[in-house]
Amino acid sequence: MLCSIVDNNPAHHILILLGPTAVGKTAVACALSDVAASRLPSFPGGVHIISVDSAMVYRGLDIGSAKPSQAEQVQYPHALIDICDPSQVYTAADFVSDADREIEQAWTRGQLPVLVGGTMLYARRFIEGIAPLPSSDEDLRSDLSERYAREGADVLHAELAAADPQAAAQIHPHNAQRLLRALEVITLSGQPISKQWSEQMSWQDRLGGLLHTAAIVPLDRTPLYDRIEQRFDAMLEAGFVEEVSRLQARGDLSPQLPSIRAVGYRQCWAFLAGEIDEATFRQQAIVATRRLAKRQMTWLRSWKNIQQIPWGDPQALAMQVVGQIMAR
């Protein structure tokens with residue numbers, strides 16, 4: 001488990017709990033909240049759960065994002081859930097700023113901040129830092145989005161390559177959010193975004209404290225892939241298509257927005273738009289979710305300083321995490 005001491009306050013701990021989609025991270029975080037009072041006396045306020053999920057930030061994306069239910073959120077409050085309208089663009093920089101604020105507030109209440117989720121970009125940027133980039137400009141972003149739809153990804157990526165070859169080498173042409181943000185930053189600041197990346201501040205520089213990182217990583221992918229399929233079918237039964245239909249009926253959302261590009265949502269959007277049939281939609285959504293899980297596990301296994309915890313009972317995993325924290 002990665003631990004770096006930057007100040008001497010024993011209460012200034014941060015826990016990051018990561019894992020692939022459908023592995024049950026939320027259940028472990030809730031179990032950790034249950035045992036904190038008796039097992040973590042250094043944190044009289046218990047735990048403060050902070051979501052690390054790029055879909056759960058959006059209001060109305062409930063079923064398809066596997067967002068904790070309203071009853072669960074009452075019993076186990078989660079920060080950074082339902083904080084944006086789906087028409088908005090929420091960035092990794094927004095997440096770092098919001099997470100930093102939530103952590104500092106948790107410390108003042110004697111709580112252990114627990115960042116839990118599966119958006120690896122958010123976790124990486126929180127740990128490694130993010131450059132002080134200019135704020136998003138809605139008019140410029142709208143213009144770039146229209147050009148992306150009209151001219152295509154390759155044209156805008158070539159434009160980025162001419163202005164900032166280093167950034168272009170790290171951004172795939174079809175990663176619209178990162179591509180458009182890079183072009184936006186270059187236009188607003190007049191500087192390559194790669195140059196500004198080098199100025200980023202790590203969590204140590206921003207917050208200090210003691211950082212614990214843990215990841216739930218299944219030893220065998222097959223049970224997780226089966227669970228992904230079962231969970232998606234349960235989402236369909238719970239009204240996922242109706243949820244996306246309501247979003248589509250608003251008239252102000254499009255597949256280019258980060259909210260609608262979320263796994264499952266973009267496939268359902270295509271189905272409702274008549275681009276694919278229902279069977280294809282289901283299959284594509286399941287395959288896309290499995291591929292996401294594979295990428296998440298690959299990323300976690302490549303992270304050498306993270307404590308990897310085999311998949312298991314949420315209560316047992318929570319106790320294992322508590323043990324690691326108490327050992328420090």
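Leu115 is in contact (heavy atoms within 4.5 Å) with Ile14, Leu15, Ile16, Leu17, Ile50, Val52, Phe95, Ala99, Ile103 and Phe126, when residues up to four places away in sequence are not counted. The structure is a predicted model, in which local features need pLDDT of at least 70 and side-chain atom pairs count only at pLDDT 80 or more, whereas totals for chains, interfaces and linings use all residues. Residues are numbered from 1 along each chain as its sequence is written, and side-chain values use heavy atoms, with hydrogens and water left out.

Leu115 is listed with Ile14, Phe95 and Phe126 as having the most contacts inside the largest nonpolar core, which has 83 residues. Such a core is a set of buried Ala, Val, Leu, Ile, Met, Phe, Trp, Tyr and Cys residues joined through side-chain atoms within 4.5 Å, where buried means under 20% relative accessible area, exposed over 50% and partly exposed in between, for a 1.4 Å probe and protein chains only. Helix H1 (residues 25–39) supplies the largest share of this core, seven residues; helices (H or I, at least four residues) and strands (E, at least two) are DSSP runs numbered from the N terminus.

The packing of helix H3 (residues 92–108) against H4 was examined next. The axes of these two helices come within 9 Å and cross at roughly 60°, the axes being lines fitted to C-alpha atoms, for helices over the stretch in contact, with angles running from 0 to 180 degrees between N-to-C directions. On the H3 side the contact is made by Ala92, Phe95, Val96, Ala99, Asp100 and Ile103, and on the H4 side by Leu121, Tyr122, Arg125 and Phe126. By class, eight of these residues are nonpolar, none is polar and two are charged, with Ala, Val, Leu, Ile, Met, Phe, Trp, Tyr, Cys and Pro counted as nonpolar, Asp, Glu, Lys and Arg as charged, and the others, Gly among them, as polar. Within H4, Met120, Tyr122, Ala123, Arg125, Phe126 and Ile127 are buried.

Glu128 and Arg124 form a salt bridge, with the closest N and O atoms 3.2 Å apart; the term denotes a side-chain nitrogen of Lys or Arg within 4 Å of a carboxyl oxygen of Asp or Glu. Because the two residues are four apart in helix H4 (residues 120–128), Glu128 and Arg124 are separated by about one helical turn. Glu128 is partly exposed, at 35% relative accessibility, and Arg124 is partly exposed at 37%. Just after H4, Gly129 takes a positive phi of about 105°.

The structure holds 17 salt bridges, and another of them joins Glu151 to Arg147 at 3.0 Å, N to O. Both residues lie in helix H5 (residues 138–151), four residues apart, about one turn of the helix. Glu151 also meets Arg150 in a salt bridge of 3.3 Å, N to O; Glu151 is partly exposed, with a relative accessible area of 31%, whereas Arg150 is exposed, at 58%. Through shared partners, salt bridges join Arg147, Arg150, Glu151 and Glu159 into one network.

Arg206 lies in helix H10 (residues 203–206). Leaving aside neighbours within four places in sequence, Arg206 is in contact with Val96, Asp100, Glu104, Arg125, Phe126, Gly129 and Met201.
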